[in-house]
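Have the structure open as you read.

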Amino acid sequence: MTYFLVKQLCDISLLGRVLPFKVCRRKIPSYNICYRVLRHRLVKSLPVLSSSFRSLSTQPAKDAVDLSKFPVDKIRNFCIIAHIDHGKSTLADRLLEMTGAIAKTEKNKQVLDKLQVERERGITVKAQTASLFYSHDGQEYLLNLIDTPGHVDFSYEVSRSLSACQGVLLIIDANQGIQAQTVANFYLAFEAQLAIIPVINKIDLKNADPERVESQIEKVFDIPREECIRISAKLGTNVEAVLQAVVERIPHPGGSVDDPFKALVFDSNFDHYRGVVANIAVIGGRVKKGDKIVSAHLSKTYEVNELGLLRPEEHATQKLFAGQVGYIIAGMKDVKEAQIGDTLYHHDHPVQALPGFKPAKAMVFAGMYPMDQSEYPALRSAIERLTLNDSSVTVQRDSSLALGAGWRLGFLGLLHMEVFNQRLEQEYNASVIVTSPTVPYKAILSSAKLIKEHGGEEATIVNPAQFPDRSVVLEYLEPMVLGTILAPDAYTGKIMSLCLSRRGVQKSMVYIDEQRVMLKYLFPLNEIVVDFYDLLKSMSSGYASFDYENADYQAADLIKMDILLNGRPVEELTTIVHRERAYSTGKAMCERLKESIPRQMFEIAIQAAIGSKVIARETVKAFRKNVLAKCYGGDITRKMKLLKRQAEGKKKMRRVGNVDVPKDAFISVLKRKEK
Amino acid sequence: TYMFRKASRGFSPGLRRFSDLKVTEHVPESPASPRLTEQASLYVHWPYCLRRCTYCNFNKYIPKENNEDIMAKCLQRETETLLQLSQVSWYVNSFSQGGGTPSLAHPSTIAKILETVSKQVNLSDEVEVTLEVNPTPVGMSKLKDYHHAGVNRFSIGVQSLQAKDLKSLGRDHNSLDALQTLAEARKLCPGGVSVDIMFGRPNQTTELWSRELSEMLRVCDDHVSLYQLTLERGTQLFKQVQSGQVTMPTEEITAEMYQCARTTLQQHGFQQYEVSNFAKNNSESRHNLSYWTGRQYIGVGPGAHGRFVPLGEGGVAREARTQTLEPDVWIREVRQRGHGTRRRIQLGHLELLEEVLVMGMRMTMGISHKHWELFSPELSLLEIFGGSLVVQELLQRGQLILDDRGLRCSWEGLALLDSMLPVLLVELERSFSQKLAAN
């Protein structure tokens, strides 16, 4: 017990010593730097130790590890992939503890998930990397765990992470079995031709049925059941076997230290004080401090200021060698300079660049507006700071007559959008109006004039105001997705009718065991972006899981629908809908408006119209009597307060024709519904 | 009417009731013009009731013990303090005691307060002294003494003549009591009796209401106040409606009831002069008119509100003043410092104009150009509302009238006043700030 405690303290002080010292050496200590050091997770959780850091940090820095001891065959690069809540982060915590990367304490919960939103939702948004030292059969190995986001919305991030790996641990909950994201993640790994180690987690649970899960794995993924490792990450049961499997079953990276230096940039972060911190996988050769390196993408030369391992905190070393994974700081000022997928090489040894990545494409768009226009600058800077570390969000300025100045943001998917909003709220304390998500449509233009204007016959439409008229269009296209649904078979009927009502086309239906069905449907993306997932969850008592991947565009009968108030169109409520859905969408919008437009001194007709044809109507009746009966001396103060509030509200209303429409009415129609 | 005569000793015959007030040619720019500051009405709040009506959320208390003596002394004391502070020099043009159930107070209490007033200021011989009366046998038995103490106008809270409704509203009188009290009051103050009637009661239909009103008009005097029962949070009735025990008539129905009552009253010779008030033979409530015409008033008693310039301490702007709510605390404060003023808020010029506008538009005669000029010599009604498009829409729909006489609601418009006021307030503020910027 005593021994254990001492060891733990040593581990921490070793790590703690390097980090603060490194920072102090780089810059003269200032308030900001102190802040950074204090924010260091381990220091924060164990503040008692901070005094010992100071005495130690006066010693000269020395590499804690000699990385040259690890040739490629002693290196394994791997990811953990899993459905939400199947225990990916818990396993990562155990692996980090067992290899001494972090101290073993009760507090280690999702060490790699740094963001509040990650911890709350139990998902990983931003990939982290940790290098682990592990002895196996008397040999010392360097295992690089590259943590990945758990959702296919982030498949772009996942594939970036996978590209730096040779193998994956596919975690499956022993109770829940294969879920939609398990399938999606499996295919990403499979397509990347990585070694896949199935790990069945949570075998300690009362309802755990690892046998059933093993046969699911056999059936769905065609992996022999013998290859599955049963563990309990929470209790640490059998986790050692996972480390052994990593060494034994995952191939070591290719390349050699004797090759010219060549590295893949698979992630990058922006640090306000040090500039861009790029995460790299060294494919060949070696790199050291002071080296002159070139980015293949921009052909710009940089000098390496600092490099090292991520354990998971930055741990400076003198060199990095082929097969190793780590970080590099080389005076890049902008994340765009460290293009993800870019190749780095020595300035005097140019190499063939790696294939790189396709840039992520925004598939879900939503308007974002400050609650109050006075909050615009604050929201702008919050969005700027967030997008700095998430280049997959597209930002376009937009403005709405009702909601004022704002932005139209593009996200990879729904979860991506939710996570972004949550981060805005939590990390930047910004209150925002987020409009209901829309998808990018396309139009194949027929008019020569328009083709010339667009510079091509295909126009992408994000804003309904820019929807080209039928007469100048050959056909409209809408984005499609291939959805995977896994659910107990008792819900199949309900789920199928939900899918049908969302214009889904069934592609396959497979029983993965006696009770569970895997359904694949081709959906128009638009049909699933708003409330599909919530409905699916509630109709299956939470048992169904859903995931999707993009599946190109398909021709669709799209029309533009206007909302009219007493005959006047309300520009910001114009919507692009599929003809089949026009009535139900129009009706719902009219109903929501009716609920939120206050009665006025005259009748208000709320109509949904396609061209000149009205397809839905609601009426807000006129007030017949609206005057307070009693108003004497004692009532004036209260009455004035009420009237002044109404007068203030009046000023903020938007006038459409003769109708005063409160901002709330627009919000209730445009806003994404609360769950 | 000994008290009354005594009170009227200092009366100066040159001064008429305020509605005859002549506006001089040199209108002072300050809202604290002498015309407005040298007079006030007085409102005295009696906070006690025997029980709580199911619809009422007003400031009132069920008395724990008989502390009438203390209450009377404190009301006198506060009246004295506030009259002094206001420096009302000419006269108090009306006096009203409301509550609560003021007819629970002993007539001598009222006599004492009136005496206090008459000692300090000149009371016009036409001063209106109103007392709100609950039509109970006890209340009725005291009417004579109240009249003797100086009360010359009774406002009787009949509310309804339906026994069932009176019970469900939690009133402590029946319809026979009401009729008898009314008769007695009319005997004492012919032409000086007002009847409160309530419509929009649970389960009431327009037909029932119409019949009841006709019955009421046969027995009432020259003044009727017509109130729509409003559902207030925290009342017993509110809970009953929430739980579905009781259904209230819809807005459509109450609108119909209101219009029906207005027509019926007109047919019976009653002129509507305010949203809820009707009179014949010039028996409008002068006290209440003083609220709607933006005059000063002094509120005495727990929770009473006032609007006056505290000239006595060098004040120049009108203040919105509120007295302490809880009777026990109020009593302590009055004993300690002569008054229980809890809140004082200075009204800026714009705020004063807003009140004048909001209150003035409740009257069928609306706001005359002259009347507005008294408060706003620099910015006329035409300048404010004449050029506004939104106001134009109201005029075009025939809901509002702006002409040589001034600004007022049409017959139809009056029922929708609360929808128009926010529009008018926005325009007023806009013009006011433009004018301010231009200066």
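Is A:Lys202 buried, exposed or partly exposed? This is a predicted model, and in it A:Lys202 comes out as partly exposed, because its relative accessible area is 22% and the buried class stops under 20%. Its salt-bridge partner is A:Asp173, at 3.2 Å from N to O. The lysine sits in the loop between β5 (195-201) and α9 (210-221) of chain A and the aspartate in strand β4 (residues 167-173), so the bridge ties together parts 29 residues apart in sequence.

**Charged pairs**

| Salt bridge | N to O distance |
|---|---|
| A:Lys202 – A:Asp173 | 3.2 Å |
| A:Arg503 – A:Glu478 | 2.8 Å |
| A:Lys644 – B:Glu354 | 2.5 Å |
| A:Arg599 – B:Glu252 | 3.9 Å |

With A:Arg503 and A:Glu478, both residues are buried. A:Arg503 is in the loop between α14 (492-501) and β24 (505-511) of chain A, while A:Glu478 belongs to strand β23 (residues 473-488), 25 residues apart.

The A:Lys644 pair joins two chains, since the lysine lies in helix α18 (residues 636-652) of chain A and B:Glu354 in helix α13 of chain B. A:Lys644 is partly exposed at 26% relative accessibility, whereas B:Glu354 is buried at 2%. There is also a network of salt bridges with shared partners, made up of A:Glu211, A:Glu214, A:Glu218, A:Arg225 and A:Arg230.

**Where the chains meet**

Chain B puts 45 residues into the contact and chain A 29. Together they bury about 3,500 Å², with 57% of that from carbon and sulfur atoms. Between the two chains there are eight salt bridges and 17 residue pairs in polar contact, both residues at pLDDT 80 or more. Elements giving two or more residues to chain B's side include β6 (223-228), α10 (251-267) and α13 (349-360) of chain B. The largest share, ten residues, is from α18(B). By class, that side of chain B has 22 nonpolar, ten polar and 13 charged residues.

**Nonpolar cores**

The largest nonpolar core holds 145 residues, and B:Phe154, B:Leu357 and B:Met361 have the most contacts inside it. Here too α18(B) gives the largest share, nine residues. Beyond its neighbours within four places in sequence, B:Met361 touches residues including B:Ile367, B:Leu400, B:Cys409 and B:Leu424. A second, separate core has 56 residues, among them A:Trp407, A:Leu409, A:Met417 and A:Cys499.

Methods:
Residues are numbered from 1 along each chain as its sequence is written. Chains are lettered from A and ligands numbered from 1 in the order in which they are written. This is a predicted model: local features need pLDDT of at least 70, side-chain atom pairs count only at pLDDT 80 or more; totals for chains, interfaces and linings use all residues. Side-chain values use heavy atoms; hydrogens and water are left out. Contact means heavy atoms within 4.5 Å. Buried area is the accessible area (1.4 Å probe) that two parts lose on being put together, summed over both. A salt bridge is a side-chain nitrogen of Lys or Arg within 4 Å of a carboxyl oxygen of Asp or Glu. A polar contact is a pair of N or O atoms within 3.5 Å; within protein, one must be able to donate a hydrogen and the other to accept it, and residues adjacent in sequence count only if both atoms are side-chain atoms. Helices (H or I, at least four residues) and strands (E, at least two) are DSSP runs, numbered from the N terminus. Ala, Val, Leu, Ile, Met, Phe, Trp, Tyr, Cys and Pro count as nonpolar, Asp, Glu, Lys and Arg as charged, and the others, Gly among them, as polar. A nonpolar core is a set of buried Ala, Val, Leu, Ile, Met, Phe, Trp, Tyr and Cys residues joined through side-chain atoms within 4.5 Å. Buried means under 20% relative accessible area, exposed over 50%, partly exposed in between (1.4 Å probe, protein chains only).
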